[in-house]
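Thanks for coming, everyone. Please look at the structure on the screen, and I'll walk you through it.

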Amino acid sequence: TSFLALSAGFANAGTLDDISKSGELRACFDAGYMPFEMKAKNGKFIGFDIDLGKLMAKKMGVKYVPVNTAWDGIIPALLTGKCDIIMAGMTVNAKRNMRVNFADPYIVVGQSILLNPKHKDKVLSYKDLNSPEYTIAAKLGTSGEQAIKRMLSKASYNAFETQTDAALEVVNGKADAMIYDMPYISIYAAQSEGKTTAILEPFTYEPLGWAVKQGDPDILNFLNNFLRQTKGDGDYQRIYDKWFKS
Ligand code: ARG
């Protein structure tokens, strides 16, 4: 066997090669995060991330395969090869960026407040929540949790596995507020009108990006070109309007 043949055999195929060979784009997400990814009554996954993933798979000429994963295990799922990409509204931040690569952001959001209505005249900004008299809920491992630890450290913090459980705490008054991405809070507050109120104006800056394994410039190049094309030709706007304008 020649050296050339050997090195060809050993060459790290990379994510794009894996996708081509398997004929599948396996996308990790964590359903329940409105309007990015939800499980419909018929069991199908729907939402902004799902539609973008389906479009990406179509452009790649492969099948879109949804991989629903618990949020606190989503980076390990990528790193151990359970999916090719995380398309899950993941906030690009330095800590995560030490472990994964992010494509250019596909949307920018920030943290908002879902509030129990009994506080609506007292709490006018996130700063008002930074007191031991308040209990704040968030989803485990999210940037909302990080914002609470960083900016609301005087309040009590309760972590929940799912965003629905965290939001229900605000409805039933066991928590005074929930901190989460603005689009989710906006939809949840509209659905629970009367039982909750919201301070939507984001108090953090959070670009969301698709994450892939480190050391793979080829997939990043694909993702950034896909994003630019999709934004330029109207596909992004069409999908955005479908999920964000109601
Ligand atoms: N943007 C927030 C974060 O990165 C929340 C994302 C939650 N995504 C989900 N699919 N549940 O922590």
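P35 sits in the loop between β1 (24-29) and β2 (38-39). Helices here are DSSP runs of H or I with at least four residues, strands are runs of E with at least two, and both are numbered from the N terminus. A cis peptide bond joins M34 and P35, with omega at about -10°.

A word on the source. This is a predicted model: local features need pLDDT of at least 70, side-chain atom pairs count only at pLDDT 80 or more, and totals for chains, interfaces and linings use all residues. Residues are numbered from 1 along each chain as its sequence is written.

Now the domains. The protein chain splits into domain 1 (24-108 + 206-244) and domain 2 (111-199). Those bounds come from an automatic or database domain assignment. Taken over C-alpha atoms, the centres of domain 1 and domain 2 are 26 Å apart. The contact uses 11 residues from domain 1 and 12 residues from domain 2. In contact means that C-beta atoms, placed from the backbone, lie within 7 Å. On the side of domain 1 that touches domain 2, there are 5 nonpolar, 4 polar and 2 charged residues. Nonpolar covers Ala, Val, Leu, Ile, Met, Phe, Trp, Tyr, Cys and Pro; charged covers Asp, Glu, Lys and Arg; the others, Gly among them, are polar.

Next, the ligand. Which residues are closest to the ligand? They are D30, Y33, T91, T142 and S143, from 14 that surround it. Near means a C-beta atom, placed from the backbone, within 6 Å. Domain 1 and domain 2 each give at least three residues to this shell. By class, the shell has 7 nonpolar, 4 polar and 3 charged residues.

On to helix packing. Helix α3 (residues 48-60) packs on helix α10 (residues 235-244) at about 155°, with axes 9 Å apart. Axes are lines fitted to C-alpha atoms, for helices over the stretch in contact, and angles run from 0 to 180 degrees between N-to-C directions. So α3 is roughly antiparallel to α10. Under 35 degrees is roughly parallel, over 145 roughly antiparallel, 65 to 115 roughly perpendicular, and the rest oblique. F48, D51, L52 and L55 of α3 meet D235, I239, K242 and W243 of α10.

Last pair. Helix α2 (residues 14-22) and helix α9 (residues 217-232) pack at about 75°, axes 5 Å apart. They are therefore roughly perpendicular. G14, T15 and L16 of α2 touch D218, I219 and F222 of α9.

Notes:
Contact = placed C-beta atoms within 7 Å.
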